[in-house]
Amino acid sequence: MFVKVCGLSTPESIRSAAEAGADAVGFVLTRSAREVMPDQVRGLLSHVPPGLAAVGVFRHEPAADAVKRAREAGLTWIQLHGDRSPADVRAVHDAGMKLIRAVTMGADPEAFDHWGEELLLIDAAVPGSGEAWDYGSVRAKALAGRKWLLAGGLEPANVARAAAEARAWGVDVSSGVESARGVKDLAKITDFVLAAKSAE
């Protein structure tokens with residue numbers, strides 16, 4: 001099970017994710033309670049061990065702007081939310097970067113097609129709510145054989161069950177490992193990663 005912990009902003013939270021066995025960490029480079037600046041990310045990257053993917057997360061910014069900001073931060077992975085097109089995927093790849101393309105369960109059917117992104121992230125129909133949803137409904141999207149991440153409302157107590165219901169290749173968490181909005185709980189990060197890795 002591939003595990004990404006998103007919205008990190010301190011060396012301690014990165015260390016907790018890495019030591020628990022996470023595969024990727026995310027830095028929010030767009031307006032949010034979890035937003036960090038590119039220069040902050042550059043400083044944090046020294047705490048990211050080899051083999052752990054570091055991802056810059058963007059919401060509605062044009063792909064070119066996301067690429068520019070990710071470069072300023074020293075990142076080679078980008079996660080794009082919002083209404084996207086295959087041209088956005090090409091723009092990221094043309095810049096020599098890898099892409100996680102995020103879609104919601106309420107998106108048009110063609111949004112779930114494979115556009116060449118490295119990973120597809122599937123979020124709740126109302127992203128950011130932090131509420132659990134019908135994870136098993138993802139199976140209707142015919143994603144067998146693809147690398148994709150389940151997100152939205154996940155926490156240590158439900159991640160293993162949710163991943164099994166969705167038959168997910170991986171999972172992504174942010175608010176589910178916080179003690180307050182934008183404040184990561186180190187114990188919850190550890191518990192989440194271990195629980196996710198135990199999923200079958």
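Where is the place of H81? Hold that thought while we walk through the model together.

1. **A starting point.** This is a predicted model, so please read every value below as computed from it. To answer the opening question, H81 is in the loop between β4 and α4, the latter covering residues 86-94. Leaving aside neighbours within four places in sequence, H81 is in contact with V57, F58, R59 and A102.

2. As a reminder, strands of a sheet pair through backbone hydrogen bonds, either parallel or antiparallel.

3. Strand β4 spans residues 77-80. In general, the side chains of a regular strand alternate between the two faces of the sheet. Here W77 and Q79 point one way from β4, while I78 and L80 point the other way. All four of these residues are buried. On one side, β4 pairs with strand β3 (residues 53-58) in the parallel sense, over four bridges. Within that pairing, F58 stands opposite L80; F58 is also one of the contacts of H81.

4. **Strand β5, between β4 and β6.** With β4, strand β5 pairs in the parallel sense over four bridges, and L80 stands opposite R101 of β5. With strand β6 (residues 119-123), β5 again pairs in the parallel sense, this time over five bridges. There the bridge partner of V103 is I122. How many of the seven residues of β5 are buried? Five are, so this strand, residues 98-104, is largely enclosed by the rest of the structure.

5. **Helix α1 against helix α6.** Two packed helices are described by the angle between their axes and the distance between the axes. Helix α1 (residues 11-20) packs on helix α6 (residues 186-197) at an angle of about 25 degrees, and their axes are 9 Å apart. That angle makes α1 roughly parallel to α6, because angles under 35 degrees count as such. The crossing of α1 past α6 is right-handed. From α1, the contact is made by E12, S13, S16, A17 and A20; from α6, by L186, I189, T190, V193 and L194. By class, this contact has six nonpolar, three polar and one charged residues.

6. In the loop between α5 and β8 you will find R167. Its phi is near 55 degrees, a positive value in a residue other than glycine. Is R167 buried or exposed? At 63% relative accessibility, R167 counts as exposed. A142 is worth a look too: A142 lies in the loop between β6 and β7. A142 has a positive phi of about 55 degrees although it is not a glycine. At 63% relative accessibility, A142 counts as exposed.

Notes:
Residues are numbered from 1 along each chain as its sequence is written. This is a predicted model: local features need pLDDT of at least 70, side-chain atom pairs count only at pLDDT 80 or more; totals for chains, interfaces and linings use all residues. Side-chain values use heavy atoms; hydrogens and water are left out. Axes are lines fitted to C-alpha atoms, for helices over the stretch in contact, and angles run from 0 to 180 degrees between N-to-C directions. Helices (H or I, at least four residues) and strands (E, at least two) are DSSP runs, numbered from the N terminus. Angles under 35 degrees count as roughly parallel, over 145 as roughly antiparallel, 65 to 115 as roughly perpendicular and the rest as oblique. A crossing is left-handed if the near helix is turned anticlockwise from the far one by less than a right angle, and right-handed if clockwise. Contact means heavy atoms within 4.5 Å. Ala, Val, Leu, Ile, Met, Phe, Trp, Tyr, Cys and Pro count as nonpolar, Asp, Glu, Lys and Arg as charged, and the others, Gly among them, as polar. Buried means under 20% relative accessible area, exposed over 50%, partly exposed in between (1.4 Å probe, protein chains only). Two strands pair if DSSP finds at least two bridges between them.
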